[in-house]
Amino acid sequence: MHMSFSIAPSDPTPIYRQIVEQVRRQIAGGVLRQGQGLPSVRALAQEHAINPMTVSKAYSLLETEGLLERRRGMGMVVATSTERGGSAERQDLLRPSLQAAAEQARQLGLSAKVALGLYEACLKQTHREETP
Amino acid sequence: MNDAIISANHVRHLYKSKAVLEQVNLQVPEGAVLGLVGRNGAGKSTLLRCLVGLTVPDKGFCQLGGCMSTDLSDEMRERLGYVAQTPDLFDWLTAEQHFERIGSLYAQWNQEQAWVLATQLSLPMFTKAKDLSLGDQQKLSVVLALGHDPDVLILDEPVASLDPMTRRAFMRALFENHDSERARTVVISSHLLSDLERVVTHVAFMREGQIQLMDEWDALAEHLRLVQVNTDEAPRGAIFKSRRPEQGLWLVDTRLAGAPAGGRALNLDDLFLELNA
């Protein structure tokens, strides 16, 4: 499977953190499995026209966390010790974005019902985009 | 921090008896990609010209790779690439003829690589420079600056007239250095802040001839916050008073002791606006 990242340089979240968080989520969600290879530093940097050092920084952090391992001749792979996270762990990874969205819904004066309806619509749209 | 490979030391420079650079200190570590940003007239071009030795500052000095910028060794010249704000080309020569002419000046000139880059940037090779569009003239200047695989690259708004596709190709080329022993060090001034966000390791903000703020970009993005307070007083950790106090909005460095938590994170565009408000 081709591993894809979505990088938003103008997001105030630094690019290396965007990569770290996406890898973390995809491992927890079972999208990335044990032993699966990640794109090389150079390939990922070239694809998004970003600094290779930023990609190295992200991979090194993930290696320190034990989520990735450096394998001879293969580059970075998902560590064999990782497992798809339990439901609780995966929910914890989603919580911060929803917390931020909840805060914005409050600032915009949107009711819980409207906000939930909108989230549901977003879920459906993502699902449609991934299953053409 | 590694030893600085590019530095400005107490640089002061006057133009028509007005200070365009005032007490500028800059240390760029090897391998860094420094984005130099600031409004028009902030002194960016003059500083870059001082770094490469084209302008001799009235006070202070600049150094490249341990050499005084005003007295660069041949070895350092061979390692340096520079793109001026206004393309500096031979009007009557085509890109191909520029390759021959400039290439002969550099021992490390890589003709094949220059052609590859020219193709990636869609540079017309057989048109005289004077008949090229401004965008194509910029492309040619960039290819000429990169053709000898320099490990110090100083770029003064190199891509202002290029389309987004070509700018991506240019950003990729910045990291294509073949002498992988040495990480290339780059200083680039640009108003295209969303481009800079992709490639910089460090950012230096200039205002009115001075460096207002310089740090690693990741650190600034992670630690600077725009905080709203209900008093007229500056909160602890506030840096720069760019807005009127009654607005109660402050740029805060959350690494400083006692700084309030929360606040809004800023991208490079936001931070530029705050620092120049």
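Helices (H or I, at least four residues) and strands (E, at least two) are DSSP runs, numbered from the N terminus. By that rule Thr185(B) belongs to strand β8 of chain B, residues 185–189. This is a predicted model, in which local features need pLDDT of at least 70 and side-chain atom pairs count only at pLDDT 80 or more. Residues are numbered from 1 along each chain as its sequence is written.

Thr185(B) counts as buried because its relative accessibility is 0%; buried means under 20% relative accessible area with a 1.4 Å probe, protein chains only. A polar atom of the Thr185(B) side chain lies 2.9 Å from the backbone nitrogen of Gly31(B). Beyond neighbours within four places in sequence, Thr185(B) is in contact with residues including Ile5(B), Val28(B), Gly31(B) and Asp151(B), where contact means heavy atoms within 4.5 Å.

Chain B is divided into domain 1 (4–208) and domain 2 (223–276), with bounds from an automatic or database domain assignment. Values for the pair are as follows.

| Item, domain 1 and domain 2 of chain B | Value |
|---|---|
| Distance between C-alpha centres | 33 Å |
| Area buried between them | about 850 Å² |

Buried area is the accessible area (1.4 Å probe) that two parts lose on being put together, summed over both. Carbon and sulfur atoms give 72% of the area between the domains. Leu193(B), Phe205(B) and Arg207(B) supply 58% of the area that domain 1 of chain B buries against domain 2 of chain B, more than any other three residues.

Key: Chains are lettered from A and ligands numbered from 1 in the order in which they are written. Side-chain values use heavy atoms; hydrogens and water are left out. Buried means under 20% relative accessible area, exposed over 50%, partly exposed in between (1.4 Å probe, protein chains only). A polar contact is a pair of N or O atoms within 3.5 Å; within protein, one must be able to donate a hydrogen and the other to accept it, and residues adjacent in sequence count only if both atoms are side-chain atoms.
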